[in-house]
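Good morning, and thank you for making time for this presentation. I would ask you to keep the sequence and the structure in view while I speak.

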Amino acid sequence: MNEMTPPTAAERTDKLQGMGCRRKRVEDVRFTQGRGNYVDDLKLPGMLYGDFVRSSYGHARIKSIDTSKAKAVPGVVAVLTAADLAPLKLHWMPTLAGDVQMVLADGKVLFQNQEIAFVVANDRYVAADAAELVEVEYEELPPLVDPFKAMAPDAPVLREDLAGKTSGAHGPRKHHNHIFEWTVGDREATDLAFRDAEVTIKEMLSYQRVHPSPLETCQCVASFDKIKGELTLWGTFQAPHVVRTVAAILSGIPEHKIHVIAPDIGGGFGNKVGVYPGYVCSVVASIVTGKPVKWVEDRIENLSATAFARDYHMTTEIAATKDGKVTGLRVHVLADHGAFDACADPSKWPAGFFNIVTGSYDFPTAHCSVDGVYTNKAPGGVAYRCSFRVTEAAYCIERGMDILAQKLGMDPAELRLKNFVRREQFPYQSALGWEYDSGDYHTALRQGMEKVGYTALRAEQKAKQEAFRRGETREIMGVGVCFFTEIVGAGPSKNCDILGIAMFDSCEIRIHPTGAAIARMGTKSQGQGHETTYAQIIASEIGIPADDIMVEEGNTDTAPYGLGTYGSRSTPVAGAAIATAARKIKAKAQMIAAYLLEVHHDDVEFDIDRFRVKGLPEKFKTMKEISWAAYNAVPPGLEPGLEAVSYYDPPNMTYPFGAYICVMDIDVDTGVCKVRRFYALDDCGTRINPMIIEGQVHGGLTEAFAIAMGQEIAYDEIGNVKGASLMDFFLPTAVETPKWETDFTVTPSPHHPIGAKGVGESPNVGGVPAFSNAVNDAFAFLGNTHIQMPHDAWRVWQAGQKLGV
Amino acid sequence: MIPGTFDYHRPKSVSEAVALLADLGEDARPLAGGHSLIPMMKLRLAVPRALVDLAAIADLRGVRRAGTDIVIGATTTIAELIASAELAVALPIIRETALVIADPQVRARGTIGGNVANGDPGNDLPALMQCLGASYQIAGHAGTREIAARAFYQGAYFTALAPGEVLTGIRIAPPPAGHGWAYEKLKRKVGDYATAAAALVLTMRGGQVASAAIGLTNVGDTPLFAEDAARILTGSALDKATVDRAVAAAEAITSPASDGRGPAEYRTKMAGVMLRRALVRAAARATH
């Protein structure tokens, strides 16, 4: 090739590695070489280590705590109890859900493994040894484990601190163990729809207590500089700016003197949004000792004390006509929050966005109510790879639709096609108050059905059922269909805030004189690949190669204020901030280009990586040239420099959707379920990096598989947490994980600057009902209507036994 | 997840190890691969004052012939069992079982001696050793002795091993060439203990079972030697009625715990299902 041949438009586009490119993850260069920089990698001179003394009981009064033996251990620097924190008013802390939570047990313990004392020593092993020597005398109290018994008249009083309080952060309380009641929808119209219904179904669908269980547990290092009066807090924070604000409010240290840094994070999945006692105790310990203090949770502590998810018990009713048109939806949820309401939802949403429960279907009317209750279990529940209870809602409606199809004698896919919100109905106003921005559900489900050979699968299933009845096989087959609509991108300031802070997000981009750039965001990747994808957005928007753009997050001193990464909000909110900041830069670049080209700025146009004179494509200035000029040859009247900040308040949520189909073979003699095939079609709008999307889908489906087929944080009747280790808590390995088939359609969000909708959580949201529907579908021909999750082998076997197999 | 304080010893010979254990008393524990003991220590469920690591005792490692018998040294790793050509020919059921123990990392360090001596009913090899009629060679301060695997297990984590004794080797008389074998294990995931498992060795003569031995894993406080079930099968052509009776006899001796793997009733039934499946595979493998 002649060296002088100018690159083609396609070559110039490829060089940018912008949106749509399967760009390799830049962060993996360090992760795959063991060169990530995580909290526990941090070692500061003189650093001390904290360890907790935790409750042996689910519910007990603390009669005494004797720390003298622990304090006598050489190397122990301090042992903190509630009595030490009380003068600072830090023995309790506010939760994101408007409740308060004990930092260290104040008079009683309310769940097993609750934090009682914080031992600080100059060595991690000494801290653990000393923690063993703290003597706690308990008086056992009657435990409350079953949420269905929480509001019985004689139920034990859990929260003595709330005595006499007849209302909480979300309205009236009906009982001493009641937290809130949240209702939405038209109760009368819904009751009427049920009164007049030709067909109704009703089923109590439980979504068991599970845990996000990221690879890296929660941890922090707090370092207080007494001379400067400044606190630096490194931690596993999905939302570092929120942590800074909360720390300022709690500690009284001015916010500008608090530096919160989230380094590399090994997975969050909602586990790392909230504030935990370990953080507060580390900060106090650092202030008290004047030394940096590190706290690192172990696996059992992570699974049993910080941030469970779900524990939603959803009584679900659907009304329909005989020919399968839905006419009403009525759901009552009993929500078990454990000992403290420590949800990490937007503040005004005690049940998150559960009112997305009408799903993908055109319900003329609906009503839902949620009662939150306290029990003697760990506090939560957080949004585990979930946009605030949308996982629960999707499970509820998708199981409900299958149960309705069974009652009507209809195919579950056919029932869905019959009731979908139609393409022309968007933007669609749901009966429970959301405005769905866009969708094309029929195309997606039909594409999925065609790809998996749906009709043939149903024929095979029928033949297998007949063979089973004839005694020729002990294997049955299920086909699970799920069509989910997500609601992500929290959120518009008109309805979303956390502790009063609107849920915008932000981006700051600086283009350096040589055309390289740094971009900083208010979000924080925990493995999502922001350093890769964010640069791709900027590359396409501004026309500089993604490889020349460094993306930085997690340092509150340098990053613009943002609300962090959870609820699939990074692309919908920060992604939009990136595009709008980039467009500000582009607008200035256009002025500079026009000046350099000596034409009016209306006479130049953007072309991949440059501005060119309209009609004279050979007359152009590249972004690299413009960047240089921005620092030494700006048009008169224009400031030098090329940078921009954008704070983006989204006008609406985004509504990704997808069609998932699972084919499951079940050995009825053992209850072992084998996923033969799993097809996942995702529509997340504009696709920034298809490879990262596929990775997200693979990861989310693997979590969904784990939840549906085995995960459970169970408690025995006296409040002992069972299975809080990876021996029992089901984390599938590569051996158990099925093969995933991914597919997509593209329906861009009409209100998002680049049309993107977010994808991280979709596979967890849609996956769980697909697996559960497959198991339930397999047993339907034997008269089954619903088997509760998790579908581990013994429960599936038991279900089969009940059906007489 | 941080163990308490302990001393660490690394003897070079069995006699040195035994002497150390005698000196240190009941608070000392022998350490082999550490894949049972160290997790227990990290949970502080075990708090030995001293560990006597057997890893440096070369005599304890490896598979050798002793006449017609095979002797496996106590610190032979599970991975070494899998790799042994000798075992693959003479005792293929050991390889089949070893391949479903835990995961490759654990198998690389975990040892046969630790697996059988710890008395954990969840371990796979004890029931297999009962099935194979293995003997355990034991050294103590007073000398050496040998005890049948079928007489070794007394309760969960309770065995015939006295304080201060070390299991040094396992002696097995291989079943005749042409025997059938199978180890069937139901588990929740890689790395898990069995929900239930069955070890089976049988020989066939003229289409009938000439001999059978059955061990059951993790469906009682100890590994279970299903003697009645094996007797029922002997002499039969493995017809359905006989198999049903044998399975019922095997199920009858189980008393599993209810845990995350399932309620007791389920685990008992799974022991039966595993035996049934082992029978099908073992019979197909038997060449006489």
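Let me begin with a term: a nonpolar core is a set of buried Ala, Val, Leu, Ile, Met, Phe, Trp, Tyr and Cys residues joined through side-chain atoms within 4.5 Å. Please also bear in mind that this is a predicted model.

With that term in hand, which residues touch the most other members of the largest nonpolar core? They are Phe354(A), Met664(A), Phe678(A) and Phe771(A), in a core that numbers 192 residues. The element that gives the most to this core is helix H10 of chain A, residues 390-408, with 11 residues. Apart from this core lies another, of 46 residues, which includes Ile549(A), Ala582(A), Ile592(A) and Ala644(A).

Met664(A) deserves a moment of its own. Leaving aside its neighbours within four places in sequence, Met664(A) is in contact with Ile476(A), Met477(A) and Gly478(A), among others. The list also includes the run Cys673(A), Lys674(A), Val675(A) and Arg676(A), together with Met709(A), Ala774(A) and Val775(A).

I turn to the domains of chain A. The assignment gives domain 1 as 9-36 + 505-648, domain 2 as 39-141 + 217-265 + 273-305, and domain 3 as 308-490 + 653-802. Between domain 1 and domain 3 of chain A, the contact takes 28 residues from domain 1 and 26 residues from domain 3. The C-alpha centres of these two domains of chain A are separated by 37 Å. Domain 1 and domain 3 of chain A bury about 1,900 Å² between them, and carbon and sulfur atoms give 62% of that area.

Next, a sheet in chain A. Three strands form an open sheet in the order S6-S2-S8, with antiparallel pairing. Strand S6 (108-109) and strand S8 (135-140) of chain A are the edge strands, each pairing on one side only. S2(A) and S6(A) run antiparallel and are joined by two bridges. Within that pairing, Ala60(A) has Val109(A) in S6(A) as its bridge partner.

Ile62(A) belongs to strand S2 of chain A, residues 60-66. Is Ile62(A) buried or exposed? Its relative accessible area is 13%, and because buried means under 20%, Ile62(A) counts as buried. Beyond four places in sequence, Ile62(A) touches Ala105(A), Gly107(A), Lys108(A), Val109(A), Ile116(A), Val136(A), Glu137(A) and Tyr138(A). One of these, Val109(A), is 47 residues away from Ile62(A) along the chain, yet their C-alpha atoms are separated by 7.1 Å.

Let us move to chain B, which is divided into domain 1 (7-53), domain 2 (58-172) and domain 3 (181-285). An open sheet here has five strands in the order S4-S5-S10-S6-S7, with antiparallel pairing. Why is one side of S4 and of S7 in chain B left without a neighbour in the sheet? Strand S4 (63-66) and strand S7 (143-148) stand at the edges and have a single partner strand each, so one side of each remains without a neighbour in the sheet. From one strand to the next, the twist averages 30°. S7(B) pairs with strand S6 of chain B, residues 135-140, over six bridges in the antiparallel sense. In S7(B), Glu146(B) stands opposite Gln137(B).

How many residues does the contact between domain 2 and domain 3 of chain B take from each? It takes 24 residues from domain 2 and 26 residues from domain 3. The C-alpha centres of these two domains of chain B lie 21 Å apart. Their buried area is about 1,900 Å², with 63% from carbon and sulfur atoms. On the domain 2 side, Glu96(B), Pro121(B) and Cys131(B) lose the most area to domain 3, together 27% of what that side buries.

Thr217(B), in strand S13 of chain B (residues 208-217), is buried with a relative accessible area of 1%. Beyond four places in sequence, Thr217(B) touches Pro121(B), Gly122(B), Asn123(B), Asp124(B) and Ala127(B), and also Tyr183(B), Ala194(B), Ala196(B) and Ala197(B).

I close with the interface between the chains. There, 25 residues of chain B are in contact with 23 residues of chain A. The two chains bury about 1,900 Å² between them, 62% of it on carbon and sulfur atoms. In chain B, the residues that lose the most area to chain A are Ile2(B), Lys189(B) and Tyr266(B), together 30% of what that side buries.

Terms used:
Residues numbered from 1 in each chain as written. Chains lettered and ligands numbered in written order. Predicted model: local features only at pLDDT ≥ 70, side-chain atom pairs only at ≥ 80, totals over all residues. Heavy atoms only, no water. Helix = DSSP H or I, 4+ residues; strand = E, 2+ residues; numbered from the N terminus. Buried < 20%, exposed > 50% of the residue type's maximum accessible area, 1.4 Å probe, protein only. Contact = heavy atoms within 4.5 Å. Pairing = 2+ DSSP bridges. Axes fitted to C-alpha atoms, helices over the stretch in contact; angles between N-to-C directions. Domains from an automatic or database assignment. Buried area = accessible area lost by both parts, 1.4 Å probe.
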